[in-house]
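Student: I would like a close look at a single part of this model. Please take me through it in one connected answer.

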Amino acid sequence: MQRVVRERLSSLTAVCSTTWNEPALDAGAREPALRSLGCLGRYDWPVDVIDLRSDTVTRPSPGMREAMARAEVGDDQFGEDPTINRLQDRVADLLGKEAALWLPTGTMANQVALRVFTRPGDDVVVSRESHAVWHETGAAGANAGVQFSEVGSGGTFTVADFVAARKPRGHLLYPPTTLVEVEDTHNRAGGVVFPPDEAAAICAEARASGVASYLDGARLFNAAVAGNRTVMELAAPFDMVSIALSKGLGAPGGSVLAGSRDQIDAAVRYRRMSGGAMRQVGIFAAAGLYALDTNLERLAEDHAKAKGIAERVAQSEHVLLDPATVRTNIIVFRLADDGPDAPTVVGRARELGVLVFAFGPRTVRAVTHLDVSAEACAKAGDLLLDAIERPD
Ligand SMILES: Cc1ncc(COP(=O)(O)O)c(C=O)c1O
């Protein structure tokens, strides 16, 4: 019995990282475990599975695929891919920056930004539980050699938090703070929108003290839609900004860094160092351009779907969540000590056909996106509530 439970937990980790503190399966064990669960990868799941693990699980629509197939391409390392050039110019304009650079992933965008602004041994002030600290497998320490000071709570922090954490340059003991990073929306905090005025105050204070500012805007379009701002307004205070095309916008890959010409020139070099300089990337850029044309306005629908799910699960006494805090497409809720823990809820939800993540021992994340309908999300809310409430 113990073995069955362990195998099952491990399988869940392998399939959708649903468990907490469980090692991933090695390659040899992975396939039998997947088969024993009756699924070998996403495409073998029953069609009515409602996949809320992330907004990255979307697949390119027929229109997007057609745009990709038609893309005019060239060798991007020679600057000869017209479609990637068009995308980079468009994102630079959208964000109000001088230049932009496409990168395969948001993680690489964050890593490259760190290389642009910091030196090994530097200190970077970031929001607590930011992606760069929790979800990049220690890349910042390995690549840029920086340390993080996590500040604030609930995905945001104040200018006073920044000032208190900032360490001076040239001190005998302190690591110099050379960068402040904001994540908007904040993933682990539940898609929280960073207050724009506070971001502007933090960046102004940073600039006055010679500290650079970077915005991890993987879901900046969600923040803009939820806060009724343009992405240009939200990006304006920051030296450098990244956005993702592969999350709420539904493209199969790609993030874009935008900043000054000099910063982007430096980023080109660090992207190359990371092995991220590719060739005919216009195929990805075409998907990104298509996404910017077609999938921006509809983000509000994802936010409404998330709110509906939040309102439903918050009906459980075991759930600690104020649905009013759910403003974008991510729902993160905590499970009270008197109820089931996160791996239990995730496992039960999975049996009911809803896929969500365990973000911590008693924390669950669900994310809405363009591949799940409003009806499916309403059903997912009901099923998640069942998964939480079901007696042992
Ligand atoms: C806030 C944030 N930044 C960066 C990333 C990294 O993006 P990628 O998965 O493309 O590496 C993510 C991914 O979910 C994210 O949520």
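Which residue of β4 does Val124 stand opposite?

Tutor: Val124 stands opposite Phe148 in β4. Two notes come before the rest. This is a predicted model, in which local features need pLDDT of at least 70 and side-chain atom pairs count only at pLDDT 80 or more, while totals for chains, interfaces and linings use all residues. Residues are numbered from 1 along each chain as its sequence is written.

Strand β3 covers residues 123-127. Strands here are DSSP runs of E with at least two residues, helices are runs of H or I with at least four, and both are numbered from the N terminus. Five of the five residues of β3 are buried, so the strand is largely enclosed by the rest of the structure. Buried means that 20 or more other C-beta atoms lie within 10 Å of the residue's own; exposed means 12 or fewer, partly exposed is in between, and C-beta atoms are placed from the backbone. In a regular strand the side chains alternate between the two faces of the sheet. Both faces of β3 are covered. Asp123, Val125 and Ser127 are buried on one side. Val124 and Val126 are buried on the other.

Now the neighbours of β3. Strands of a sheet pair through backbone hydrogen bonds, either parallel or antiparallel. Two strands count as paired if DSSP finds at least two bridges between them. Five bridges join β3 to β4 (residues 147-151), and these two strands run parallel. β3 also pairs with β5 in the parallel sense, over four bridges. There the bridge partner of Val124 is Leu179.

Follow the pairing onward. β5 and β6 run parallel and are joined by five bridges. Val180 has Ser213 as its bridge partner in β6. Strand β6 (residues 212-217) is then joined to β7 by four bridges, again in parallel. Leu215 stands opposite Val241 in β7.

β7 (residues 240-244) has five of five residues buried, so this strand too is largely enclosed by the rest of the structure. Both of its faces are covered. Met240, Ser242 and Ala244 are buried on one side, and Val241 and Ile243 on the other. Ser242 stands opposite Leu257 in β8.

Seven strands form an open sheet in the order β2-β8-β7-β6-β5-β3-β4, with mixed pairing. The edge strands are β2 (99-103) and β4, each of which pairs on one side only. From one strand to the next, the twist averages 20 degrees.

Two helices lie across part of this sheet. Helix α4 (residues 82-95) lies across β2, β7 and β8, and runs at about 125 degrees to β2. Helix α12 (residues 261-273) lies across β2, β7 and β8 as well, at about 20 degrees to β2. Axes are lines fitted to C-alpha atoms, for helices over the stretch in contact, and angles run from 0 to 180 degrees between N-to-C directions. Contact means that the C-beta atoms of two residues, placed from the backbone, lie within 7 Å.

Next, the ligand. The residues around it are Thr105, Gly106, Thr107, Asn110, His131, Glu183, Asn187, Asp216, Ala218, Ala244, Ser246 and Ser255. A residue is near a molecule if its C-beta atom, placed from the backbone, lies within 6 Å of it. Helix α5 (residues 106-117) gives the most to this shell, with three residues. By class, the shell has two nonpolar, eight polar and two charged residues. Ala, Val, Leu, Ile, Met, Phe, Trp, Tyr, Cys and Pro count as nonpolar, Asp, Glu, Lys and Arg as charged, and the others, Gly among them, as polar.

One loop deserves a check. Thr185 is found between β5 (177-183) and α9 (196-208). The peptide bond from Asp184 to Thr185 is cis, with omega near 0 degrees.

Last, the whole chain. The chain has 16 helices and 13 strands. Buried residues make up 51% of its 392 residues. Among contacts between residues at least 6 apart in sequence, 71% join residues at least 24 apart.
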